[in-house]
Amino acid sequence: MARATPKKNASSKLFVLDTNVLMHDPSCLFRFEEHDIFLPIMTLEELDNHKKGASEIARNARQTSRMLDEMLAGDDSSIENGIELSGPSNKLATGRLFLQTEAIGNELPAALPTSKVDNHILSVVLHLQKQFAKRAVILVSKDINMRIKARALNLQSEDYFNDKVLEDTDILYSGSLPLPDNFWDKHGKGMESWKKDGKTYYKLSGPLCSQFLINQFVWMEKDGLYAQVIETSGKKATLETLVDYTHPKNAVWGITARNREQNFAFNLLMNPEIDFVTMLGQAGTGKTLLTLAAGLAQTLEQKTFSEIIMTRATVPVGDDIGFLPGSEEEKMAPWMGALEDNLEVLAHTDDNSPYGGDWGKAATHDILRAKIKIKSLNFMRGRTFIKKFLIIDEAQNLTPKQMKTLITRAGPGTKVICLGNIAQIDTPYLTEGSSGLTYVVDRFKGWAHSGHITLQRGERSRLADHAADVL
């Protein structure tokens, strides 16, 4: 067994890592600051069992193995004394990494089967706790049942928190901010106002301006003010009034905004200066419909983009889609029901026109469908999309790493839109706080060429709205 001598610093802990932590984040070895890390032999055995395949888990297992190999090759000291982490981590971590170097007897209750890997790891934690009675020995695992078993055996256990962007998703940036009733009293002094291209601009100063972010929407229902922050500097900010997409004259592909947040969303989707848009919202808030309407208007009418590309995480994420017959697009079809449902709404034709009726609808549907390409996430690496309207649907099921892979596909003239509902995550080990969608919302806020809006109100039907509230 590794002789991890307790340090003089009493606050230094010994963290025992479960395999799922390494497969979730290979860089976790460098995330424990001044504390030591211990890897049981069964953790390494499980890594070996999961290294084959093209899934994200297999890639992470291989990456972890490579990192361990480099660290062991580059460290001349004895494994029993632990591997210094300060060098490999560029001084992010100052503790040591210990590997299990000898057999540890089973110290668990007799009823627990020794053949199970989880129980092997628990017996290692129990052994370490007895060996280092004066030191905190903590099991780190993404597996809830493993943590519960550890606590039942009176062992300390924790989830792996380092991948979380936010501890509480209630404080996630919503993209809009209601202004208080006394806003003009505190911010109206010395205000400048002018008009340009049909929009009104307000340059003002006051205490609230320091909280504004670029492309954040501010509104005051009482005064009918709906504006976007286009510039901030200390306690000064410039607001620009919005295009009113709730009015039929500004309809986008025949679709008008039905509420305040949908109006904000259209202002982001139709703005050529914004390259990246994130939209959160529960089922029925109109995320996909608004995005497709804006995409079709800018592809077929304005010719800003050459085509619309739609992709989504097939759950389970990254699994091979080869078992379905047909081309890549046909294989993705079962996951693209949302696209077909929304195209039925968008392929509307006037029954009284010569192109109306069933024939007109079918022809319109075919024309629209020709401009929309469906792509699988599995084949995105190495691609570059130029002048494309790229829609990433169900983005809450993507990891931050997968999200980075997708967004960095954007070439010149491409606009990327991420849609999702962080309350509906289907991927194991991803939570609301660690989802790739939460990650990009938090990292992109305040960038001049990105915008975010959280859609609040469902517009699908009274049944769907009531179900969302009571179920």
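Buried here means under 20% relative accessible area, exposed over 50%, and partly exposed in between (1.4 Å probe, protein chains only). This is a predicted model, so to speak on its own terms: local features need pLDDT of at least 70, side-chain atom pairs count only at pLDDT 80 or more, and totals for chains, interfaces and linings use all residues. Residues are numbered from 1 along each chain as its sequence is written, and side-chain values use heavy atoms, with hydrogens and water left out.

Now for the charged pairs. With a salt bridge taken as a side-chain nitrogen of Lys or Arg within 4 Å of a carboxyl oxygen of Asp or Glu, the model has 10 salt bridges. One of them joins the side chains of lysine 199 and glutamate 240, at 3.5 Å from N to O. Lysine 199 sits in strand 9 (residues 199–205) and glutamate 240 in strand 12 (residues 236–241), so this pair ties together parts 41 residues apart in sequence; strands are DSSP runs of E, at least two residues, and helices are runs of H or I, at least four, both numbered from the N terminus. Glutamate 240 is buried at 12% relative accessibility, while lysine 199 is partly exposed at 22%.

Arginine 260 turns up in two pairs. Its side chain meets that of glutamate 221 at 2.6 Å, N to O. That bridge links distant parts of the chain, 39 residues apart: glutamate 221 is in the loop between strand 10 (217–220) and strand 11 (225–233), and arginine 260 is in helix 7 (residues 260–269). Arginine 260 also meets glutamate 261, at 3.4 Å. Glutamate 261 is buried, at 6%.

Elsewhere, Lys142, Arg147 and Asp159 are linked in a network of salt bridges.
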